[in-house]
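Thanks for coming; I have one structure to go through today. Please take a look at it first, and then I will start with a single residue.

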Amino acid sequence: MLAVAVGSSPAAAVAVGPRAPSWAELTPADRQVLAPLAGEWDSLDAPRRQKWLGIAKRYPKLAPAEQQRVQQQMGAWAHLTPDQRQQARQQYKTLKQLPPDKRQDVHQKWEEYQQLPPEKRRELASRGAAPAPPPGAPPGKTSKESKAP
């Protein structure tokens, strides 16, 4: 009996947790919202799929401007490399841990940076002087990547 329990343990561990549907199993509405991720959906791990599905479920309740922003961010995210995604996640975690006043300072500096002409942003980015994006910035818009969103 013990051998059966031990032998079934790895299978039980695999079965635990939410199952995320494949692209073909998504509803037409979810596929429409998640279209920027279509090419890589089936390679995403289950927690990432669940995260994106949560966004797709909230999507119809968003204002049109917010829906457009979500689509743009999803498209930008889909074009990032795995390393760039990991860097964006790490920046988000780091900024999220800042005290609110420091976070507001970073957000204000980011807004000022976004208002600069492209050539000035390129110059600052090449010197490494561009600010880190705030937590609400679209994925992939790090100081070095903001030159060409």
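I start with Trp-52, which counts as buried because its relative accessibility is 7%. Buried here means under 20% relative accessible area, exposed means over 50%, and partly exposed is in between, with a 1.4 Å probe and protein chains only. Before I go on: this is a predicted model, so local features need pLDDT of at least 70 and side-chain atom pairs count only at pLDDT 80 or more, while totals for chains, interfaces and linings use all residues. Residues are numbered from 1 along each chain as its sequence is written, and side-chain values use heavy atoms, with hydrogens and water left out.

Trp-52 sits in helix H3. What does Trp-52 touch, not counting residues up to four places away in sequence? Its partners are Leu-34, Leu-37, Trp-41, Leu-44, Met-74 and Trp-77, where contact means heavy atoms within 4.5 Å. Its C-alpha atom is 9.5 Å from that of Asp-30, 22 residues apart along the chain. Over the face of the Trp-52 ring lies Lys-51, at 3.5 Å from the ring centre. The criterion for a charge over a ring is NZ of Lys or CZ of Arg within 6 Å of the ring centre and within 35 degrees of the ring normal.

Next, the core. The largest nonpolar core has 18 residues, and Trp-52 is among those with the most contacts inside it, along with Leu-26, Leu-34, Leu-37, Trp-41 and Met-74. Such a core is a set of buried Ala, Val, Leu, Ile, Met, Phe, Trp, Tyr and Cys residues joined through side-chain atoms within 4.5 Å. H3 and H4 each supply at least two residues of this core. Leu-26 touches Pro-21, Arg-31, Leu-34, Trp-41 and Leu-53, again leaving out residues up to four places away in sequence.

Now helix H4, residues 64-78. With 15 residues, H4 reaches 21 Å from its first C-alpha to its last, close to the 21 Å expected at 1.5 Å a residue; the expected span is 1.5 Å times one less than the number of residues. Which residues of H4 are buried? They are Gln-67, Val-70, Gln-73, Met-74, Gly-75, Trp-77 and Ala-78. Their cover includes helix H2 (28-33), helix H3 (46-58) and helix H5 (82-96).

Pro-36 lies in the loop between H2 and H3 and counts as partly exposed because its relative accessibility is 27%. The C-alpha atoms of Pro-36 and Met-74 are separated by 6.2 Å, at 38 residues apart along the chain.

Further along, Tyr-113 is in helix H6, residues 100-115. At 2% relative accessibility, Tyr-113 counts as buried. Tyr-113 and Leu-124 are 11 residues apart in sequence, and 9.2 Å apart in space from C-alpha to C-alpha.

Last, the whole chain. It has 7 helices and 0 strands. Of its 149 residues, 31% are buried. Among contacts with a separation of 6 or more, 51% join residues 24 or more positions apart.

How values were computed: Helices (H or I, at least four residues) and strands (E, at least two) are DSSP runs, numbered from the N terminus.
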